[in-house]
Amino acid sequence: MRYAVSLGNSQLGRCAIDFLTEKGVAASDIVALVRNTSKANDLAGRGVDVRRGEYGDEASVVQALNGVDKAYLISGMAPPDERIRQHRGFIDAASDAELTHVVYSSFIDTAEDSPFFAWGINKDTEEYLKASGLEYTILRNGMYAEADLDYVGEYLKAGKIENNIGDGSISYISRRDLALAAVHCLLDDGHTNKTYTLTGPEAVSQAWLAEWI
């Protein structure tokens, strides 16, 4: 069995690769799809099969997925319309390459009345994946805990937290936990054609975050 990780050089992708090897998958059976292979030399040095597979270049993704059985599709960072096209292209490539299962990193909020700009991206990708005929698992990820940690310096400099959350609360979860869940869905039985919501144990306010900082 061979497993592909899209955005293999991203933080989430690298966590997934680490967990795949920890769970006993041979490095040579892990395909890391990356935009620039020279930036993943350390992965190649570990024996991971590093291949160029760039969102937006469906031919490169089809070629990169050759011989792969299952894939972890990690959401990209392009603007909404472009990202929708990229995700659809990856799913089409997975179909062309005859993969058996795709695990998709969606987001917790896909409601049409959501103030979150990316709700439409994830809703479209979820629906397109379900209609593709591929076996799937959809993981509606909570907000990365590490994302706000990256901004702590800015918050301290400004003397306040500025974002669009207002009085809302966030159930933060770490990338490692999200990657581990994805790896279980790739390796274990019982997750086919299911949707899971993944969050941390408690929703906290930005006032709590400010106090913690």
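Of the 213 residues of the chain, 45% count as buried. Buried means under 20% relative accessible area, exposed over 50%, and partly exposed in between, with a 1.4 Å probe and protein chains only. The model is predicted: local features need pLDDT of at least 70, side-chain atom pairs count only at pLDDT 80 or more, and totals for chains, interfaces and linings use all residues. Residues are numbered from 1 along each chain as its sequence is written, and side-chain values use heavy atoms, with hydrogens and water left out.

The C-alpha trace spans about 50 × 40 × 30 Å along the principal axes of the chain.

Nine helices and nine strands make up the secondary structure of the chain. These are DSSP runs, numbered from the N terminus: helices are H or I with at least four residues, strands E with at least two. Seven strands form an open sheet with parallel pairing, in the order β3-β2-β1-β4-β5-β6-β8. Two strands pair if DSSP finds at least two bridges between them. Strands β3 and β8 (194-198) stand at the edges. Each has a single partner strand, so one side of each lacks a neighbour in the sheet. From one strand to the next, the twist averages 20 degrees. Strand β6 (residues 135-141) runs parallel to β8, and five bridges join the two. Here I138 stands opposite T195 in β8.

Two helices were examined against the sheet. Helix α4 lies across β2 (30-34), β4 (70-74) and β5 (101-107). It runs at about 175 degrees to β4. Helix α5 (residues 119-131) lies across β4, β5, β6 and β8, and runs at about 160 degrees to β5. Axes are lines fitted to C-alpha atoms, for helices over the stretch in contact; angles run from 0 to 180 degrees between N-to-C directions.

The structure holds two aromatic pairs. The ring centres of Y55 and F90 are 6.2 Å apart and the planes lie at 85 degrees, so this pair is edge-to-face. It links distant parts of the chain, 35 residues apart: Y55 is in the loop between β3 (49-52) and α3 (58-64), and F90 is in helix α4 (residues 80-96). Both Y55 and F90 are buried. The pair of Y151 and Y155 is stacked, with 6.2 Å centre to centre and 25 degrees between the planes. Y151 is partly exposed, at 48% relative accessible area, whereas Y155 is buried, at 10%. Rings of Phe, Tyr and Trp (its six-membered ring) pair if their centres lie within 6.5 Å; planes under 30 degrees apart count as stacked, over 60 as edge-to-face and the rest as tilted.

A search of the whole structure finds zero disulfides (pairs of cysteine sulfur atoms within 2.5 Å). The sulfur of C15 has its closest cysteine sulfur in C185, 16 Å away, which is too far for a bond. C15 counts as buried, at 13% relative accessibility. C185 is also buried, at 4%.

Conventions
Contact = heavy atoms within 4.5 Å.
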